[in-house]
Amino acid sequence: MSIPAPKRSGHVALAGAPNVGKSSLLNAIVGQHLAIVSPKAQTTRLPVVGLRTEGDTQYVFHDLPGLLDPGYLMQVRMRELALQELERMDLILHLHPASDAPAPPFHQVAELPAPPTAPVLTVYTKADLISPARREKLERDSLLVSAARGEGIERLLQRIRPLLPEREFEFDADDVGTQQLRFFVAEYLREAAFDLLDDELPYSFNAEVEEFREAERPVYIRVTLFVERETQKGIVVGRGGQTIRALGAHARGRLEELIGAPVYLDTWVKVLPNWRRNSAALARFGFPEPKPVGASGRSPGKESA
Ligand SMILES: Nc1nc2c(ncn2[C@@H]2O[C@H](COP(=O)(O)OP(=O)(O)O)[C@@H](O)[C@H]2O)c(=O)[nH]1
Ligand SMILES: [Mg+2]
């Protein structure tokens, strides 16, 4: 009689510079559009968790905000959060575009004083953008994926599996995500903003769910959209309300796919001056001030910037 192999489960970070394809890879791995994607940099603000359970292995992926040099308070908080997350990981995947191989050391890209505690695996992304010859060469001794074509993912999972600890599953084997639907409502609206609004506006934009009546059909969701200035409010509403309707339609499409039910999105716009530089506003939007030094055993990131 054979003894069944022990279960493995672990937390795996998708980390790297902005725009390398972290969110796209998360979505390709879990098969759902959980993390928002945009050609513009710094779309992801808060970590998004995606699950994949294959037989005796549960992979818990964390799509982290790009590890950049922070320019203002929200980015300071984003970096702090990403660094805290890194410390909890069993494995870090360092994503880097294949067209720009070889990747520099992770701690250099992430501007860490030293390599992180967890092991780091380099994963080359956007394999569809390089020539077949280069692809073949890179694939020989490294991990190469294309989220756009769904290629390299099975090989990546197989490579990760032995690096995960022997541990019981933390989540139901059928689950793909761990975060509340409210989170995805706000995220999909932000994705619409990146898609439909120009320049700085998507960065000044945020969304907060005020009411969620899940038992109703259509599901009723009331959301406040926040911008930083009065002039931005007019742009978000658009002529005759056409822009705000388009934002809602984009988010509604994604949500209906995620929850499998019709959705009614009731959207309102409010000005919250300079919220990206306001500690209280940021705390309300999920970027709390970090705990004092000692609580996490490490000093928080740069405070000035
Ligand atoms: N051609 C190609 N483009 C990709 C791929 N993965 C991501 N992208 C594009 O790269 C941009 C940044 O992707 P995103 O996942 O948001 O990157 P992140 O900032 O690292 O999370 C988007 O325009 C994506 O469509 C890929 O496998 N192939
Ligand atoms: Mg992202």
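Predicted model: local features only at pLDDT ≥ 70, side-chain atom pairs only at ≥ 80, totals over all residues.
Residues are numbered from 1 along each chain as its sequence is written, chains are lettered from A and ligands numbered from 1 in the order in which they are written, and side-chain values use heavy atoms, with hydrogens and water left out.

Start with the ligand's polar contacts. A polar contact is a pair of N or O atoms within 3.5 Å; within protein, one must be able to donate a hydrogen and the other to accept it, and residues adjacent in sequence count only if both atoms are side-chain atoms. K22 places a polar side-chain atom 2.7 Å from an oxygen atom of ligand 1. The side chain of K126 has an N or O atom 2.9 Å from a ligand oxygen. A147 takes part through its backbone: a polar atom there lies 2.9 Å from an oxygen atom of ligand 1.

Most residues other than glycine have a negative phi, and most peptide bonds are trans. K126 sits in the loop between β5 (120-125) and α4 (132-141). Helices (H or I, at least four residues) and strands (E, at least two) are DSSP runs, numbered from the N terminus. How exposed is K126? K126 counts as partly exposed because its relative accessible area is 32%; buried means under 20%, exposed over 50%, and partly exposed in between (1.4 Å probe, protein chains only).

N274 also has a positive phi, about 50°, although it is not a glycine. Its place is the loop between β9 (263-271) and α10 (279-284). N274 is partly exposed, at 48% relative accessible area.

Two cis peptide bonds come next. One joins A101 and P102, with omega about 0°. P102 lies in the loop between β4 (91-97) and α3 (106-109). The other runs from R217 to P218, with omega near -5°. P218 belongs to the loop between β7 (206-213) and β8 (219-227).

On a 1 Å grid over the protein atoms alone, a cavity is a set of points where a 1.4 Å probe fits but cannot get out; a pocket is an open set with protein on both sides within 12 Å along at least five of seven lines; lining residues have an atom within 4 Å of a point. Grid points are joined across faces, edges and corners, and a volume is the space filled by probe spheres set on the points.

The second largest pocket holds about 390 Å³. Its lining has 27 residues, with V20, G21, K22, S23 and S24 nearest the centre. Helix α1 (residues 22-30) gives the largest share of that lining, 5 residues. By class, the lining has 11 nonpolar, 11 polar and 5 charged residues. Here Ala, Val, Leu, Ile, Met, Phe, Trp, Tyr, Cys and Pro count as nonpolar, Asp, Glu, Lys and Arg as charged, and the others, Gly among them, as polar.

How many cavities of 30 Å³ or more does the whole structure contain? The search finds 1. The largest cavity has about 50 Å³ of space. Q32, H33, Y188, R254, E257 and L258 line it. Helix α9 (residues 242-259) supplies 3 of these residues, the largest share.

Helix α9 also holds G248. G248 is buried, with a relative accessible area of 9%. Contact means heavy atoms within 4.5 Å. Beyond its neighbours within four places in sequence, G248 is in contact with L189 and L265.

V237 is in helix α8 (residues 230-237) and is partly exposed at 30% relative accessibility. V237 touches Q242, T243, I244 and V269, leaving out residues up to four places away in sequence. V237 and V269 are 32 residues apart in sequence, yet 7.6 Å apart in space, C-alpha to C-alpha.

Finish at strand β1 (residues 8-16), where S9 is found. Is S9 buried or exposed? S9 is buried, because its relative accessible area is 0%. Setting aside residues up to four places away in sequence, S9 touches Q58, L164, P165, R167, E168 and F169.
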